[in-house]
Amino acid sequence: MQNVQWRRICQVACAALTNSYWFSLVSKTIYQGPLKGFCVPALNCYACPLALFACPIGTIQYFVAHGAYYISLYTIGILGITGALIGRMACGWICPFGFLQDLLYKIRSRKLSLPRWLSYGKYASLGLLVIAIPLVTRQPWFCKLCPAGGLEGALPMLMMEPSLRELLGGMFVLKALIVVFFLAAMVAVKRPFCRAACPLGAIFSFFNRVSILRLSVDQTRCTKCNKCKKVCPTDIRVYEDPDAADCIRCLDCKEVCPENAISYTLAGFPIKEPKEVLQND
């Protein structure tokens, strides 16, 4: 089975496992059991009627906004361990919102490139909307504007509980516009939210150069054919920087490289797939 197929299976499984409390649709209640006290290393709205777990970004905001400057040690631990082991691979294999972006980009349309400088937007989102502004206002501003929360939480809750519509105001209109904007952008641009606005992606990007799982490119084999860029969900040329902050470790580039120039290592040890071992033999 090809790498891309394994990744799709993993993405579907993770989306189902993190949002599998299906009877919430019938009971019209949000699951509030003990699992909501744990975070998954992905952007998954706590308020989603189907969500079993908490969102790490929402958790960080909660503690920052309520004056607990130590934030949450277990959240830091989950993100730190995940980042140290696999870097941004969680974005490429686990995150349900990343999976949605991959699917929408498959819709036939005119495709656009995202300017490279917009990739710094995710760091601004982390520093301002997740930390600085909540610290001052005591309000979780990223959650208020998050398109994942709007799509997974706000809109389903409004459909399930019509009485909530009376409480709608300007903030909901703004959030709905943000959702529509990003959904439209996802059709035309590869993972626009991941690359330009996701604070969780910003956190994981710091680990790409130090994680146990690393990519490498044999420059003597690489012909710079750019097939890696064509399949890359974040539109990078892996041969320019295998540890790039935007690399989500999807490994699709390795699958399409005609020269087998791309490889990955675990703790510095090269990992060979079965077909590579057979070829060498």
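Colleague: How many strands form the open sheet, and in what order?
Modeller: In this predicted model, 3 strands form an open sheet in the order 1-2-3, with antiparallel pairing.

Colleague: Which are the edge strands?
Modeller: Strand 1 (213-217) and strand 3 (269-271), each of which pairs on one side only. From one strand to the next, the twist averages 40 degrees.

Colleague: And how many bridges between strand 1 and strand 2?
Modeller: Strand 1 and strand 2 (residues 262-266) pair over 5 bridges, in the antiparallel sense. Within that pairing, valine 217 stands opposite isoleucine 262 of strand 2.

Colleague: Switching to helices. At what angle do helix 3 and helix 4 cross?
Modeller: Roughly 145 degrees; the axes of helix 3 (residues 56-65) and helix 4 (residues 73-86) come within 10 Å. The crossing is left-handed.

Colleague: Which residues make the contact?
Modeller: Helix 3 contributes Pro56, Thr59 and Ile60, and helix 4 contributes Tyr74, Thr75 and Leu79. They divide into 4 nonpolar, 2 polar and no charged.

Colleague: Now aromatics. How many pairs in the whole structure?
Modeller: A search finds 5 aromatic pairs. One of them is phenylalanine 97 with phenylalanine 193, edge-to-face, at 5.3 Å centre to centre and 90 degrees between the planes.

Colleague: Where do those two sit in the chain?
Modeller: Phenylalanine 97 is in helix 6 (residues 96-105) and phenylalanine 193 in helix 11 (residues 192-196), 96 residues apart.

Colleague: Is phenylalanine 181 buried or exposed?
Modeller: Phenylalanine 181 counts as exposed because its relative accessibility is 53%, over the 50% cut-off. Phenylalanine 182 is buried, at 12%. Those two also form an edge-to-face pair, with 80 degrees between the planes.

Colleague: Which residues form the aromatic cluster?
Modeller: Phe97, Phe181, Phe182 and Phe193 form one cluster.

How values were computed:
Residues numbered from 1 in each chain as written. Predicted model: local features only at pLDDT ≥ 70, side-chain atom pairs only at ≥ 80, totals over all residues. Heavy atoms only, no water. Axes fitted to C-alpha atoms, helices over the stretch in contact; angles between N-to-C directions. Helix = DSSP H or I, 4+ residues; strand = E, 2+ residues; numbered from the N terminus. Left-handed = near helix turned anticlockwise from the far one by under 90°. Contact = heavy atoms within 4.5 Å. Nonpolar A, V, L, I, M, F, W, Y, C, P; charged D, E, K, R; others polar. Pairing = 2+ DSSP bridges. Phe/Tyr/Trp six-rings, centres within 6.5 Å; stacked < 30°, edge-to-face > 60°. Buried < 20%, exposed > 50% of the residue type's maximum accessible area, 1.4 Å probe, protein only.
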